[in-house]
Amino acid sequence: MPPLDNSSFLDQQLAALLLRLCANEHYSLSEPQQQQLAELVAYTSQATRQGLIAAKLPANLPPSELAELLKSPVIGHAGEYAPLIIENNHLWLNRYWQYEHHLALNILKRLRLNLTLDQTALQTALNTWFPASTSDQQRQAVEQAASLPFLIISGGPGTGKTTTVTRLLCLLIEHFKIHPQRIKLAAPTGKAAMRMQEAIQQAKTHLQLTPELAELIPEQGSTLHRLLGYIPGKVGFRHHADYPLPADVVIVDEASMIDISLMSHLFAAVRPDARLILLGDRDQLASVETGSIFRDLCRFDQSTHPLNQHIVVLEKSWRFDANGGIGQLAKAVRDQQEQAISEILHLAPQGVDWHQNPAISSAYFQQVWQAYLAGVRAWQQDQQQLPALFAAFNQFRLLTPLRKGSLGTEQLNQQLSLLLRRVLPNRFQGAWFTGRPIMITENDYRQQLFNGDIGLSLADANGQIRVWFPESNGGFRAFAPVRLPAHETAWAMTIHKSQGSEFEQVLLVLPEDAEAKILGRELLYTGITRARRQIDLMGKEAVILAAVRRSLPTTSCLRWRIAEYAAQLATR
């Protein structure tokens with residue numbers, strides 16, 4: 001266990017509170033036991049803040065001393081009413097044990113159910129939607145999603161997750177007569193929901209559906225909070241186990257971004273006999289909040305785990321050429337192949353450009369945003385110009401793992417604003433200027449603006465700055481800057497914030513310190529795979545290789561718990 005003085009003020013206060021609870025319950029602890037209990041509580045609290053649902057019991061805690069601590073009123077076994085729970089050689093804060101417990105039960109309900117289908121009709125339909133030239137993995141995913149009430153589809157960018165889901169929607173609506181209004185599409189953020197909608201629209205065009213069928217395929221996505229019925233000021237949602245969603249199919253994209261609390265509420269709100277399909281990339285960054293649930297569920301082992309037949313991994317990339325630089329680099333980072341990464345960096349294949357030392361050049365940014373800057377200068381207060389303006393801005397993005405410091409988003413955005421406002425129309429209102437991109441950083445349900453939404457600042461006919469945001473129906477809305485919820489400039493954004501987005505070209509700026517623990521394999525992989533055509537990397541080789549060696553741990557005991565509960569049911 002780390003010493004108590006290495007923990008945060010919050011961890012120490014929780015430890016002090018639980019010691020007071022022991023005293024209030026007239027449970028006496030010796031001075032060494034008080035120190036041990038305080039360190040154990042602070043250790044668990046610190047691990048939870050760092051994203052772990054379940055923290056491994058410290059190896060230096062002797063079993064005899066642990067047995068004594070378990071007699072206290074503040075530490076309990078599984079299911080007991082105590083602030084800390086110990087089970088399977090792990091520690092939980094009680095709330096997170098409850099989340100994991102209920103999520104495991106809800107998943108197990110789905111694993112034990114089989115949907116009744118005409119298999120002959122299903123195979124005939126699959127033959128229609130999957131001619132011989134298409135992917136067997138995609139066909140397998142659709143077959144299992146049609147047959148099972150729960151499925152995880154994991155795959156990197158360009159592996160066809162959205163195309164697979166669009167084919168599934170066609171099959172469910174056309175052959176199994178599920179009403180489109182009983183199908184719900186969602187994602188963790190508004191940006192990811194809009195990206196899902198765009199991807200389904202593109203897939204419908206690519207699949208050359210009949211106009212009648214294309215009209216029936218739903219494409220409107222919502223945030224998970226909106227789908228579940230967010231109630232301001234409350235932990236729960238309007239939809240739950242006793243008032244489930246009115247849906248027969250729920251498809252959630254970017255599921256790797258969902259934390260344990262939201263995932264638990266999602267599973268509770270979807271009927272066990274409804275189809276629930278999670279899409280994501282198990283190798284991407286996890287949720288900013290506690291728990292990497294999608295990745296934990298996807299951790300295969302050699303056992304015959306009941307989850308295994310409910311997971312399909314799409315491997316073939318239809319976006320990145322096998323000989324292209326981005327695909328090669330992403331695969332090498334994902335598989336922790338240090339030698340291959342070094343060779344790619346030094347050979348600089350098409351699509352990859354690497355510089356050891358970060359440098360901010362006005363000429364570079366004027367070139368990559370040339371179409372956007374020209375579009376802002378040509379702005380004539382005509383909404384017909386907005387689609388092209390947003391498309392031009394979203395061609396490129398600067399990404400960094402950091403918020404603070406010289407290579408963090410705060411300072412990079414200040415530098416870029418100073419550089420680029422010189423070539424933009426001379427219209428200012430304090431910190432606001434024509435062409436300034438901004439990103440919303442907190443949800444505003446009243447104005448329907450959500451964390452991650454991107455807006456562009458443009459002058460109206462009176463010369464006043466207005467910030468325009470795209471809507472899911474293809475339209476746009478304008479807001480006065482004073483009406484906006486919390487926001488920040490968005491020339492540069494963190495890799496975390498970029499999840500769910502893709503850009504033709506990305507500049508990825510890395511910290512100068514190889515020991516920067518924020519930078520790990522998943523973060524680097526996520527940043528690289530935001531780029532479709534070109535990735536420009538700025539960072540020392542030692543920093544890149546050190547990042548590849550760091551990988552996020554399993555954050556929960558979810559797979560163990562599902563297997564354990566399944567075994568218990570089997571013996572009853």
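**Exercise 1. Which residues of α13 are buried, and what do they pack against?**

Step 1. Buried means under 20% relative accessible area, exposed over 50%, and partly exposed in between (1.4 Å probe, protein chains only). Helices are DSSP runs of H or I with at least four residues, strands are E runs of at least two, and both are numbered from the N terminus.

Step 2. In α13, the buried residues are Gly325, Ile326, Gly327, Leu329, Ala330, Ala332 and Val333. Seven of the ten residues of α13 are buried, so this helix is largely enclosed by the rest of the structure.

Step 3. Contact means heavy atoms within 4.5 Å. The buried residues of α13 pack against α14 (338–347), β11 (352–355), α20, β22 (531–538) and α21 (541–549).

Step 4. Just after α13, glutamine 336 takes a positive phi of about 55°.

A note on the model: it is predicted, local features need pLDDT of at least 70, side-chain atom pairs count only at pLDDT 80 or more, and totals for chains, interfaces and linings use all residues. Residues are numbered from 1 along each chain as its sequence is written, and side-chain values use heavy atoms, with hydrogens and water left out.

**Exercise 2. Describe how α13 meets α20.**

Step 1. Axes are lines fitted to C-alpha atoms, for helices over the stretch in contact, and angles run from 0 to 180 degrees between N-to-C directions. The axes of α13 (residues 325–334) and α20 (residues 521–528) come within 9 Å and cross at roughly 165°.

Step 2. That makes α13 roughly antiparallel to α20. The classes are: under 35 degrees roughly parallel, over 145 roughly antiparallel, 65 to 115 roughly perpendicular, the rest oblique.

Step 3. α13 passes α20 in a left-handed crossing. Left-handed means that the near helix is turned anticlockwise from the far one by less than a right angle; right-handed means clockwise.

Step 4. From α13, the contact uses Ile326, Leu329, Ala330, Val333 and Arg334; from α20, Arg521, Leu524, Tyr525 and Ile528.

Step 5. By class, this contact of α13 with α20 has seven nonpolar, no polar and two charged residues. Ala, Val, Leu, Ile, Met, Phe, Trp, Tyr, Cys and Pro count as nonpolar, Asp, Glu, Lys and Arg as charged, and the others, Gly among them, as polar.

**Exercise 3. Describe how α5 meets α7.**

Step 1. The axes of α5 (residues 119–129) and α7 (residues 161–174) come within 11 Å and cross at roughly 135°. That makes α5 oblique to α7.

Step 2. α5 passes α7 in a right-handed crossing.

Step 3. Leu122, Ala125, Leu126 and Trp129 of α5 meet Arg167, Cys170, Leu171 and Glu174 of α7. The contact of α5 with α7 divides into six nonpolar, no polar and two charged residues.

**Exercise 4. Which residues of α16 are buried, and which are exposed?**

Step 1. In α16 (residues 370–377), Tyr372, Leu373, Gly375 and Val376 are buried. Seen down the axis of α16, they fall within an arc of 160°, so they line one face of the helix. The arc is that of the directions from the helix axis to the C-beta atoms.

Step 2. Gln370 and Ala371 are exposed on the other side of α16.

Step 3. The buried residues of α16 pack against α15 (362–368), α17 (386–393), α18 (409–420) and β16 (454–459).

**Exercise 5. Is leucine 227 buried or exposed?**

Step 1. Leucine 227 is found in α10 (residues 224–228).

Step 2. Leucine 227 has 12% relative accessibility, so it counts as buried.

Step 3. Not counting residues up to four places away in sequence, leucine 227 touches Lys184, Ala186, Ser222, His239, Leu245 and Val250.
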